[in-house]
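Please keep the sequence and the model at hand while reading.

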Amino acid sequence: MIDQLYQNVVAKNPNEPEFHQAVKEVFNSLAVVLEKRPIYRKFKILERIAEPERVILFRVTWMDDRGDIQVNKGYRIQMNSAIGPYKGGLRFHPSVNLGILKFLAFEQVFKNSLTTLPMGGGKGGSDFDPKGKSDDEVMRFCQNFFMELFRHVGPDTDVPAGDIGVGGREIGFMYGMYKKLRNEFTGVLTGKGLTYGGSLIRPEATGYGQIYFAQEMLKTRGKSLQGLKCLVSGSGNVSQYCTEKVLQLGGKVLTASDSNGYIYDEEGIDAEKLAFIMDLKNVKRGRIKEYTDKYPKAVYTPVDPKLDYNPLWNHKADCAFPSATQNEINAKDAQNLINNGVFCVSEGANMPTTIDGVDIFLDHKILYGPGKAANAGGVATSGLEMSQNSLRLSWSREEVDQRLQGIMKSIHKAALEASQAFGMPGNYVAGANIAGFLKVADAMIAQGVL
Ligand code: NDP
């Protein structure tokens, strides 16, 4: 029956492989739930939860620095609002399409439910590529993007945030345009700057939360991060703060990457080297290869499109923290990680492991925290930013960090307990999908046939 439901989703949503993958993983986890609780079949919850409540697709026209007119696509997927306003990031990347955003919005529904905060699921973005664009071009794009999106969002309706290609700079430009058009100073976006309603710890939250989640998993085996060797991918927001937290907890980070290649630093990326990466990526907007100009003992390996595996995942280590993008660990990479001694994987990126790769982790019973649980600290802290905006208060760094730690602990507990209650102890994939699903499904039933 589950397979038939999945096939129907594939037939209704052709040419969206990432969306199919995300749905398949969740549906597979839910077979046991439907057996135990047939009410979810009666109310067709799976059919409804895989169909966005609303999809907004629009044109974004803007002028580049040479005076040429540029045209991009803009999207917002309002996936599910059963438990709160739509909430989820905006991604600006040339690969963005409807299927990728639907996969991200679908994941977001379960993730947001897990955070314990009242947030529905959404996602959006554009095929605009911020790379190589001037600040003025990025500003003009963001303003034009929000000139359309402003009418579909609002602090009680839909609250976007950042994702790949959307950081503090872009959020600032979009927030400014929203404020101008609506003449309202409200919490319509999260990830804002501290001077205009942002929350302390929001930039750090996804990477920190990913490591808090790893800590909780390690505790179940009486271990800590102290002295463990870690492979981290990416060099953007999530990756940087994942690395920072690993260092604070006594672990050693060996790698960083971008879409052109990765660096391996056998001596470890320490706090000074991390500061170099942050400046390189956030200020100079350079490439990770430049790390080896400054630290020549590190080795740079460019991406080789002919390889069927990613060499970043083929080093001796204890932990892996994928923090770049979807499907960056395939079955071969997963096997390489296991062969190299990795026993803990906590995902900062969304769906960075293919379904075959996930199966290998589960078969080997390593500690495996899927993105929708392990990276939920970002959106959870966005939820805390919304609360602070509504209260017109700002909490201290310590207070937000304490709340973030508390939320990551409760997500871990909810996923672990659901995995036990439904007969798959220690399977955080099933546990996170089930725990996230139950709250949303029950709210959908309570609200009637919509
Ligand atoms: P950033 O844009 O800050 O960084 C992304 C990093 O991943 C960059 O190093 C980028 O390299 C690399 N990357 C992007 N696309 C590819 C690709 N196709 N192949 C290889 N490398 C790639 O984004 P974030 O750090 O915010 O996001 C990283 C991941 O974390 C994403 O999966 C995102 O959905 C997820 N996430 C983010 C949250 C947040 O709060 N920001 C919350 C939860 C999840 P390059 O510079 O070359 O593009």
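Helices here are DSSP runs of H or I with at least four residues, numbered from the N terminus. Gly 172 falls in one of these, helix H7, which spans residues 168-182. The model is a predicted one. A residue counts as buried with 20 or more other C-beta atoms within 10 Å of its own, and as exposed with 12 or fewer. Gly 172 has 19 C-beta neighbours inside 10 Å and is therefore classed as partly exposed.

At the level of the whole chain, the domain assignment gives domain 1, residues 52-188, and domain 2, residues 205-374. The centres of domain 1 and domain 2, taken over C-alpha atoms, are separated by 27 Å. Eight residues from domain 1 and six residues from domain 2 make up the contact. On the domain 1 side, the residues touching domain 2 comprise five nonpolar, one polar and two charged.

Lys 281 sits in helix H10, which covers residues 271-283. In sequence Lys 281 and Gly 236 are 45 residues apart, while their C-alpha atoms are 6.9 Å apart in space. Leaving aside residues up to four places away in sequence, Lys 281 touches Ser 235 and Gly 236. Because 22 other C-beta atoms lie within 10 Å, Lys 281 is buried.

A further contact involves two helices, H2 (residues 17-36) and H17 (residues 428-446), whose axes come within 9 Å and cross at roughly 75 degrees. That angle is why H2 counts as roughly perpendicular to H17. H2 brings Glu 25, Val 26, Ser 29, Leu 30 and Val 33 to the contact, and H17 brings Val 429, Ala 430, Asn 433, Ile 434 and Phe 437. By class, this contact has seven nonpolar, two polar and one charged residues.

Methods:
Residues numbered from 1 in each chain as written. Predicted model: local features only at pLDDT ≥ 70, side-chain atom pairs only at ≥ 80, totals over all residues. Domains from an automatic or database assignment. Contact = placed C-beta atoms within 7 Å. Nonpolar A, V, L, I, M, F, W, Y, C, P; charged D, E, K, R; others polar. Axes fitted to C-alpha atoms, helices over the stretch in contact; angles between N-to-C directions. Parallel < 35°, antiparallel > 145°, perpendicular 65-115°, else oblique.
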